[in-house]
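Please read these points with the model open beside you, taking them one at a time.

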Amino acid sequence: MSISKMLLTQELRQSWRDYYQLTKPKVVALLLLTAWVGMLLAPSVQSQPVLMLIALCGIGMLSAAAAALNHVLDQNIDAKMARTQRRPVATGRVSSHQALGFALTLAAVGFVVLYSWVNPLTAWLTLASLFGYAGIYTMFLKRATPQNIVIGGLAGAMPPLLGWTSISGTLSAEPWLLVMIIFAWTPPHFWALAIHRRDDYAKVNMPMLPVTHGIEFTKTAILFYTMILTLVCLMPYLVGMSGVLYLAGSLLLNLGFISHAWRLKFADDPKQPMLMFRFSIYHLMLLFLLLILDQQWFWRWQ
Ligand code: HEM
Ligand SMILES: CC(C)=CCC/C(C)=C/CC/C(C)=C/COP(=O)(O)OP(=O)(O)O
């Protein structure tokens with residue numbers, strides 16, 4: 001291969017990696033897992049794998065678009081924080097125009113896919129979640145109040161409901177319980193990281209809780225939210241949506257989460273914030289997998 005061809009291939013690979021990074025792929029993967037669980041728990045006459053796949057593509061595209069818009073809107077602060085300074089738009093490897101074009105194309109295609117092949121309710125709710133995250137959280141709340149994530153977390157908590165409406169076509173109370181679980185999970189998830197990155201956030205004047213109220217206060221708030229989360233996680237069992245397999249598993253996972261929060265508050269280990277942050281991701285993933293396991297196997301034995 002000639003040198004110019006090699007350089008071109010390298011450039012294309014880098015550019016592909018940059019656009020992939022704009023979509024926050026690991027976050028979107030977890031969002032899609034929660035949407036899939038919403039689909040599997042929704043009442044339906046028969047299993048609808050094709051509809052599920054199409055809905056996951058649409059929800060994935062709108063979530064990825066929201067993530068790419070976040071890269072454009074936050075590029076100035078991203079460029080100043082150690083954690084985010086190598087991001088594609090912050091470094092200029094992808095221009096704002098290119099990233100915006102990419103985000104808007106993804107959003108438009110995702111919306112049309114949901115509207116035409118899933119249902120208009122899901123399309124509008126997913127678009128509202130995109131606005132909630134990119135418009136309300138990123139543009140305003142993030143910069144305005146340390147409660148930004150309690151409020152902004154709602155957009156990231158919506159996918160189980162979006163999954164549910166894709167299959168059932170209507171809103172009902174059960175998927176809101178799943179939304180509430182992610183809603184209560186988000187503060188410990190993010191504040192653990194925000195403690196570790198406190199100085200970064202202070203440098204760019206982001207009013208995150210550890211910056212405005214101090215680290216001790218944030219640790220207490222995290223402990224409080226892990227307890228609230230444990231209670232919220234009982235709800236699917238209490239309303240008869242899930243069985244004892246889910247109940248036992250979720251109690252174990254939440255005990256683990258509370259014990260992380262306890263160590264964060266009282267053990268004074270500098271590694272604990274990031275240990276807790278990493279645990280939060282496995283916690284949510286396993287919790288939602290449990291909901292499916294419980295539904296698929298446990299109820300068969302009843
Ligand atoms: C307002 C709500 C949320 C905030 C402020 C938030 C904040 C963050 C931040 C700052 C990171 C980056 C960590 C890093 O770059 O090392 C992160 C990572 C992550 N978040 Fe969240 N998050 C939120 C909601 C969610 C939701 C709803 C989910 C999924 C259901 C989620 C899943 C993840 C995952 C999987 C990662 C790891 C990404 C990676 O390793 O590349 N987050 N979160
Ligand atoms: C359509 C739909 C379901 C939209 C939701 C989209 C979405 C990607 C939600 C996840 C929330 C999240 C990663 C917040 C972190 O943003 P941040 O700006 O605080 O973090 P950063 O500094 O790492 O960018």
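**Notes on helix packing, domains and core**

1. Helix H6 (residues 96-118) and helix H7 (residues 120-144) have axes that come within 7 Å and cross at roughly 155°; the axes are lines fitted to C-alpha atoms, for helices over the stretch in contact, and angles run from 0 to 180 degrees between N-to-C directions. H6 and H7 are therefore roughly antiparallel to each other, since angles under 35 degrees count as roughly parallel, over 145 as roughly antiparallel, 65 to 115 as roughly perpendicular and the rest as oblique. On the H6 side the meeting residues are Ala 107, Phe 111, Leu 114, Tyr 115 and Val 118, while H7 brings Pro 120, Thr 122, Ala 123, Trp 124, Thr 126, Leu 127 and Leu 130. Helices (H or I, at least four residues) and strands (E, at least two) are DSSP runs, numbered from the N terminus.

2. A word on the basis of these notes: this is a predicted model, in which local features need pLDDT of at least 70 and side-chain atom pairs count only at pLDDT 80 or more, whereas totals for chains, interfaces and linings use all residues. Residues are numbered from 1 along each chain as its sequence is written, and side-chain values use heavy atoms, with hydrogens and water left out.

3. The protein is divided into domain 1 (19-149) and domain 2 (172-297), with bounds that come from an automatic or database domain assignment. The centres of domain 1 and domain 2, taken over C-alpha atoms, are separated by 22 Å. Across the boundary, 22 residues of domain 1 are in contact with 27 residues of domain 2, where contact means heavy atoms within 4.5 Å.

4. Helix H8 (residues 148-157) packs against H10 at an angle of about 125°, with the two axes 8 Å apart. That makes H8 oblique to H10. Residues of H8 that make the contact include Ile 149, Gly 153 and Ala 157, and those of H10 include Val 179, Phe 183 and Trp 191.

5. How many of the residues of H8 are buried? The helix is mostly covered, with 7 of its 10 residues buried; buried means under 20% relative accessible area, exposed over 50%, and partly exposed in between (1.4 Å probe, protein chains only). The cover over the buried residues of H8 includes H7, helix H9 (159-168), H10 and H13.

6. Asn 148, found in helix H8, is buried, with a relative accessible area of 0%. Leaving aside neighbours within four places in sequence, Asn 148 is in contact with Tyr 137, Leu 141, Lys 142, Gly 153, Pro 207 and Met 208. The C-alpha atoms of Asn 148 and Thr 138 are separated by 9.0 Å, although these residues are 10 apart along the chain.

7. The largest nonpolar core has 87 residues, and those with the most contacts inside it are Ile 181, Phe 190, Trp 191, Tyr 201 and Phe 288. Such a core is a set of buried Ala, Val, Leu, Ile, Met, Phe, Trp, Tyr and Cys residues joined through side-chain atoms within 4.5 Å. Helix H10 (residues 173-196) gives the most to this core, with 13 residues, and the core draws at least three residues from each of domain 1 and domain 2.

8. Thr 226 lies in helix H13 (residues 215-238) and is buried, with a relative accessible area of 0%. Not counting residues up to four places away in sequence, Thr 226 touches Pro 188, Phe 257, Ile 258, Ala 261 and Met 276.

Methods:
Chains are lettered from A and ligands numbered from 1 in the order in which they are written.
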